[in-house]
Amino acid sequence: MLEKLSCCTSSRCFQAIDNLPLIFLRIVTAISIYVWANDFLSEDKYRLLFLTPRFLFKYPHLEWIKLWPSIGASDGIYWHFIVTKIAAICLGIGFLTRVSAITASFGIAYVLLVEYHIYVNHYYLLACVSAMLAFLPAGTRLSVDAAIGLQQNRFTMARWQLALMRFQLGIPYVFGALAKLNGDWLKGQPARFIVQNNGHIPGIGGWDQWSPGMQEFFTNALAYGGFLYDLLIVPMLLYRPTRWLAVALSSVFHLTNAATLTIGIFPWFMLATMVIFFPPEFIAKRWQIILGRGKERSSETPAGTYEPSTRRLHRVGLAAAVGYVIIQLLLPLRPALYAGDANWNQRGHRFAWRMMLQAKDGLLHFRVNDPATGDYLMVPSTTVVTAYQSSHADHHPLMIRRIADELVIAAKELGISNPSVHALALVSLNGRQPTLMIDPSVDLASLPADAPMSDWFIDDPGEFRDPPWLVPKSQWWQSVELPEPFKSLQGRTPQELEEFLRTLEAQREQDADKLKSQPSSKP
């Protein structure tokens with residue numbers, strides 16, 4: 001019986017089916033990647049992200065990934081996005097399809113790895129889908145490759161290839177649901193902040209105009225509705241009786257996200273690719289209606305299975321696909337291997353489809369000491385990072401550590417030979433009262449590069465609050481007890497410190513100008 005079951009499973013895996021879903025995915029992915037690359041070029045966004053900063057954050061052990069060198073008068077990263085757009089166009093029309101798919105995937109992967117803080121789940125998804133297309137027969141139909149003979153014009157693919165496509169598109173939903181099985185999400189955070197910041201109903205108004213009961217209703221609707229949607233949408237799309245209900249729910253879900261959240265092409269990509277979960281005949285029938293029957297005929301028949309010689313190649317492909325699936329299933333499990341809350345310590349948070357789980361706010365300052373003189377200076381993180389970098393780094397432990405390293409470099413440039421650096425990193429997670437993320441007593445400058453996080457990181461986000469902490473960051477130093485060696489900031493505001501630093505810098509420039517204007521004492 002097991003042999004019979006194995007035989008039936010094998011026959012179904014290698015069954016020939018219409019390949020229009022694959023061609024459709026190729027075109028939708030190409031359009032999405034083109035829009036993604038174009039977004040970085042619009043208004044010179046790439047300059048803000050890659051060229052303006054003093055330094056870029058790096059993944060551990062991937063510090064060797066550098067920005068492209070300049071090409072003549074043009075920036076290398078500019079040409080990176082141009083090449084990615086060209087690759088997307090070629091992928092869309094099916095010209096050098098495999099090369100174009102790999103190039104487009106690399107274009108996204110490089111951006112994710114060259115700057116640590118630029119990580120978005122839908123960037124990662126597009127990179128995975130594009131790489132997957134390179135190993136599937138995506139250029140065998142409605143493509144330049146098929147038209148000019150670079151690939152054989154074919155109208156079928158193996159059923160296992162459709163299953164792989166569905167797996168790749170479905171895994172963000174499934175693990176997105178599993179990640180929501182934590183106390184904060186099911187208690188309504190950060191759903192409350194999402195509704196509060198983005199919820200506006202015509203005729204009713206926004207959050208401030210709602211009654212407490214209405215606020216509670218929409219918060220719970222997002223929290224539990226979002227969890228159930230992510231958990232059930234894939235089986236609902238695959239199950240014929242619930243398929244169109246799933247389409248309706250997905251339309252509401254993704255169109256609402258597109259209207260209220262700044263997440264780029266992602267909602268439109270997920271909406272367009274829902275059709276991959278439909279039977280392959282669904283697209284084929286509508287394609288024939290568009291073309292008119294008989295306009296695109298094939299000598300192949302979708303029925304039956306591939307010949308034994310072809311099936312051997314498919315077995316190799318299926319084995320590679322199984323290996324890829326195993327990796328994709330294991331990566332999101334990484335947070336379970338670490339102690340603490342991944343939303344706080346960020347360990348295993350990336351490449352794990354953990355979406356919309358944290359409303360995190362940070363206020364980060366440092367005390368830079370000169371042991372030789374006893375002088376010290378309090379400085380914000382924006383002393384060495386841009387405001388955009390700061391918005392991502394001020395609540396991330398590894399990036400805070402990297403900022404401290406850069407402050408050491410900056411201090412040495414100013415003549416302080418052996419500076420010490422302490423961090424005041426107040427972070428609020430999902431409405432909790434701000435608490436220390438970094439041990440303020442630890443001199444971050446003296447730590448070896450491979451020092452374990454336990455030597456300097458405080459892995460405790462504090463108690464969950466209901467109602468949440470809503471005190472503005474400008475008042476945190478007045479509302480939270482500050483530790484040594486930052487007691488001098490107690491009761492003040494970050495704006496006061498910044499004004500003091502501006503005055504100090506202006507005075508330094510004046511002194512430098514006076515020194516330059518003095519006549520030389522040399523004969």
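Biologist: What should I know before reading the values?

Modeller: The model is predicted, so local features need pLDDT of at least 70 and side-chain atom pairs count only at pLDDT 80 or more, while totals for chains, interfaces and linings use all residues. Residues are numbered from 1 along each chain as its sequence is written, and side-chain values use heavy atoms, with hydrogens and water left out.

Biologist: At what angle do helices H2 and H4 pack?

Modeller: Helices (H or I, at least four residues) and strands (E, at least two) are DSSP runs, numbered from the N terminus. Axes are lines fitted to C-alpha atoms, for helices over the stretch in contact, and angles run from 0 to 180 degrees between N-to-C directions. Here H2 (residues 20-41) packs on H4 (residues 76-93) at about 160°, the axes being 8 Å apart. That makes the two helices roughly antiparallel, a term for angles over 145 degrees.

Biologist: Is the crossing of H2 and H4 left-handed or right-handed?

Modeller: A crossing is left-handed if the near helix is turned anticlockwise from the far one by less than a right angle, and right-handed if clockwise. H2 and H4 cross in the left-handed sense. Contact means heavy atoms within 4.5 Å; the residues making it include Trp36 and Phe40 of H2 and Tyr78 and Phe81 of H4. By class, 15 are nonpolar, three polar and two charged. Ala, Val, Leu, Ile, Met, Phe, Trp, Tyr, Cys and Pro count as nonpolar, Asp, Glu, Lys and Arg as charged, and the others, Gly among them, as polar.

Biologist: How are H8 and H11 arranged?

Modeller: The axes of H8 (residues 159-179) and H11 (residues 212-238) come within 6 Å and cross at roughly 150°. This pair is therefore roughly antiparallel, and its crossing is left-handed. Among the contact residues are Arg166 and Gly170 of H8 and Asp230 and Leu238 of H11. The contact holds nine nonpolar, two polar and two charged residues.

Biologist: Is serine 428 buried or exposed?

Modeller: Buried means under 20% relative accessible area, exposed over 50%, partly exposed in between (1.4 Å probe, protein chains only). Serine 428, in strand E7 (residues 420-429), is buried at 5%. A polar atom of its side chain lies 2.5 Å from the backbone oxygen of arginine 432. Serine 428 also touches residues including Asp361 and Trp476.

Biologist: Where is aspartate 405?

Modeller: Aspartate 405 sits in helix H18 (residues 397-413). With a relative accessible area of 30%, aspartate 405 is partly exposed.

Terms used
Angles under 35 degrees count as roughly parallel, over 145 as roughly antiparallel, 65 to 115 as roughly perpendicular and the rest as oblique. A polar contact is a pair of N or O atoms within 3.5 Å; within protein, one must be able to donate a hydrogen and the other to accept it, and residues adjacent in sequence count only if both atoms are side-chain atoms. Lists of a residue's contacts leave out its neighbours within four places in sequence.
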